[in-house]
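Biologist: I have a chain open here and would like to go through it with you. Could we begin with one of the annotated positions?

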Amino acid sequence: MLSVTDLRPLDTATADLSRIIPRANVDVSSVVPVVAPIIEQVRHGGEQTLLELAERFDGVRPPALRVPAEALEAALAGLDPRVRAALEESIRRARLVHDAQHPQDSTVELGEGAVVENHWTPVGRVGLYVPGGRAVYPSSVVMNVVPAQAAGVGSLAVTSPPQRDHGGLPHPTVLAACALLGVDEVYAAGGAQAVAMLAHGVQDDDGGWLCAPVDLVTGPGNVYVAAAKRALQGVIGVDAEAGPSEIAVIADGTARADWVAADLISQSEHDPLAASVLITDSEDLLRDVLAAIEAQVPGAFHEDQIREALTGPQSGVLLVRDMDQAVEVSDRYATEHLEIQTRDPEALVGRIRNAGAVFVGPHAPVPLGDYSAGSNHVLPTSGTARHSSGLNTVTFLRLQQRICYTETGLEEVADGIGVLAEDERLPAHAAAIRARFA
């Protein structure tokens with residue numbers, strides 16, 4: 001099912017790999033004009049506008065925009081005890097990891113009376129998007145809420161698409177995850193209209209806020225969610241424009257072909273555009289992985305979707321000369337998830353620069369990170385791991401610098417400031433300094 005591209009003859013350090021490396025063709029910019037009128041409808045409308053849009057796009061009209069507290073309580077009470085235990089363990093591990101990501105404030109003394117303080121301040125209010133549709137994602141509730149709470153965000157709003165099978169409410173497991181995390185502000189809204197709701201807020205008939213505007217929106221979603229984030233960036237901060245899920249596996253001849261095949265298949269469950277890429281220097285492993293895929297896919301729960309994903313232009317096998325070339329190709333690809341299944345994975349991982357998350361060794365498959373590793377599964381896609389990180393505690397923090405100078409401290413640099421200000425043809429800047437010593 002996977003196409004094979006032989007990169008061994010290429011000088012990958014100089015070759016234009018953008019035309020060779022598999023990649024999903026998703027054009028977010030082309031969707032921005034589609035979501036623009038939806039955003040305007042929400043901006044000028046109220047709750048009824050959002051309920052009508054839900055009926056139009058999700059096929060169900062929610063009984064109300066905000067999920068009532070009793071629905072959250074009922075969802076938690078009705079949660080399968082095994083699912084609850086698994087979610088609680090996922091939350092516990094995620095808290096440990098994300099609490100450790102909180103940076104420390106610092107104070108730098110630059111001279112007598114010259115101090116700069118670095119303070120990490122949480123964002124005031126955030127909106128967390130949890131996708132729905134092909135699958136149920138209580139894990140995305142955990143991955144969004146835990147780092148926001150670790151950062152100390154005081155106001156959290158979760159939104160997730162309404163479900164026809166659940167009376168127009170988000171999926172009960174999503175609601176139960178919110179209740180487990182102590183989040184009681186949850187909305188039955190999805191797609192571009194949900195992002196617009198978070199950005200502009202929704203007022204009730206008396207002019208009060210039914211949903212107050214947020215400062216930052218995070219969480220994965222489809223191309224319409226990504227387009228709405230792009231269109232509203234500036235009105236709100238955003239974490240990233242999530243594209244289709246990606247996995248790349250660097251493997252040599254020591255890897256187990258059936259495990260590699262299972263991992264490649266696992267990510268193709270997410271979406272027909274999901275990318276599964278194998279990077280290997282072993283023709284024997286390549287052959288065995290292809291055979292294992294052909295053996296494992298028939299009868300799979302999402303067989304048709306898996307086949308579409310694995311045969312698409314975003315998936316394939318890249319045959320390389322050696323592990324040096326494998327690292328070069330992997331860094332150029334900059335995948336969302338990277339697995340290393342080689343003879344000495346610890347030696348290789350230190351050479352990887354560009355990947356959203358790196359899974360080291362045969363017993364660290366990507367599904368571990370999707371649920372219970374403690375790491376975050378909201379990660380950069382479409383090559384953006386070259387410059388962006390996954391969702392983390394710092395996403396929800398801002399660095400605020402406080403400049404504390406006395407007269408003595410300012411006097412020490414006054415002449416230098418005057419010189420620089422005059423050189424930049426900004427004499428009023430120099431005058432503002434001189435005025436203090438006139």
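Modeller: Let us begin with E424, which counts as exposed at 56% relative accessibility, the cut-off for exposed being over 50%. Please keep in mind that this is a predicted model.

Biologist: Where does E424 sit?

Modeller: E424 is placed in the loop between α15 (407-423) and α16 (427-434).

Biologist: Which UniProt annotation covers E424?

Modeller: An unreviewed UniProt entry gives "binding site" for S245, Q267, H270, H337, D370, E424 and H429. These positions do not all gather at one spot, because they span 185 residues in sequence and their farthest two C-alpha atoms are 56.2 Å apart.

Biologist: Take H270 from that list. Is H270 buried, exposed or partly exposed?

Modeller: H270 is partly exposed, at a relative accessible area of 26%. The residue lies in the loop between α9 and β12.

Biologist: What else does UniProt list as "binding site"?

Modeller: The unreviewed entry also has Y129, Q193 and N222 under "binding site". They cluster in space, with a largest C-alpha distance of 12.5 Å, although they are spread over 94 residues of sequence.

Biologist: And where is Y129, buried or exposed?

Modeller: Y129 belongs to strand β4 (residues 125-129), and its relative accessibility of 4% makes it buried.

Biologist: Which residues is Y129 in contact with?

Modeller: Setting aside neighbours within four places in sequence, Y129 is in contact with N144, T159, P161, A189, G190, G191, A194, T218, G219, P220, G221 and V225.

Biologist: Now the active site. Which residues does that annotation cover?

Modeller: According to the unreviewed UniProt entry, "active site" covers E336 and H337. H337 is also among the residues that UniProt lists under "binding site".

Biologist: Where is E336, and is it buried or exposed?

Modeller: E336 lies in the loop that runs between α12 (323-333) and β14 (337-341). E336 is buried, with a relative accessible area of 7%.

Biologist: What surrounds E336?

Modeller: Beyond its neighbours within four places in sequence, E336 is in contact with P244, S245, E246, A355, G356, A357, H377, L379, P380 and T381. One of these, S245, is itself listed by UniProt under "binding site".

Biologist: You mentioned α12. How many of its residues are buried?

Modeller: Eight of the eleven residues of α12 are buried, which leaves the helix mostly covered. The buried ones are M323, Q325, A326, V327, V329, S330, D331 and Y333.

Biologist: What covers them?

Modeller: The cover includes the strands β11 (246-251), β12 (275-280), β13 (316-319) and β14, together with helix α13 (345-349).

Biologist: Changing topic to helix packing: at what angle do α9 and α10 meet?

Modeller: Helix α9 (residues 257-268) packs on helix α10 (residues 283-296) at an angle of about 60°, and their axes are 8 Å apart. The angle makes α9 oblique to α10. Their crossing is right-handed.

Biologist: Which residues make that contact?

Modeller: From α9 they are A257, D258, V260, A261, A262, L264 and I265, and from α10 they are L285, D288, V289, A292, I293 and Q296. By class, ten are nonpolar, one is polar and two are charged.

Biologist: And what about α4 and α5?

Modeller: Helix α4 (residues 81-99) and helix α5 (residues 138-151) pack at about 35°, with axes 9 Å apart. The crossing of α4 and α5 is right-handed. On the α4 side the contact is made by L87, S90, I91, A94, R95, H98 and D99, and on the α5 side by P138, V142, V146, P147, Q149 and A150. This contact has eight nonpolar, three polar and two charged residues.

Biologist: Finally, how does the chain look overall?

Modeller: The chain has 16 helices and 16 strands, and its C-alpha atoms fill a box of roughly 85 × 60 × 40 Å along the principal axes. Of its 438 residues, 49% are buried. Among contacts between residues at least 6 apart in sequence, 73% join residues at least 24 apart.

Key:
Residues numbered from 1 in each chain as written. Predicted model: local features only at pLDDT ≥ 70, side-chain atom pairs only at ≥ 80, totals over all residues. Heavy atoms only, no water. Axes fitted to C-alpha atoms, helices over the stretch in contact; angles between N-to-C directions. Helix = DSSP H or I, 4+ residues; strand = E, 2+ residues; numbered from the N terminus. Parallel < 35°, antiparallel > 145°, perpendicular 65-115°, else oblique. Left-handed = near helix turned anticlockwise from the far one by under 90°. Contact = heavy atoms within 4.5 Å. Nonpolar A, V, L, I, M, F, W, Y, C, P; charged D, E, K, R; others polar. UniProt positions renumbered as here; feature names shortened; annotations may be inferred. Buried < 20%, exposed > 50% of the residue type's maximum accessible area, 1.4 Å probe, protein only.
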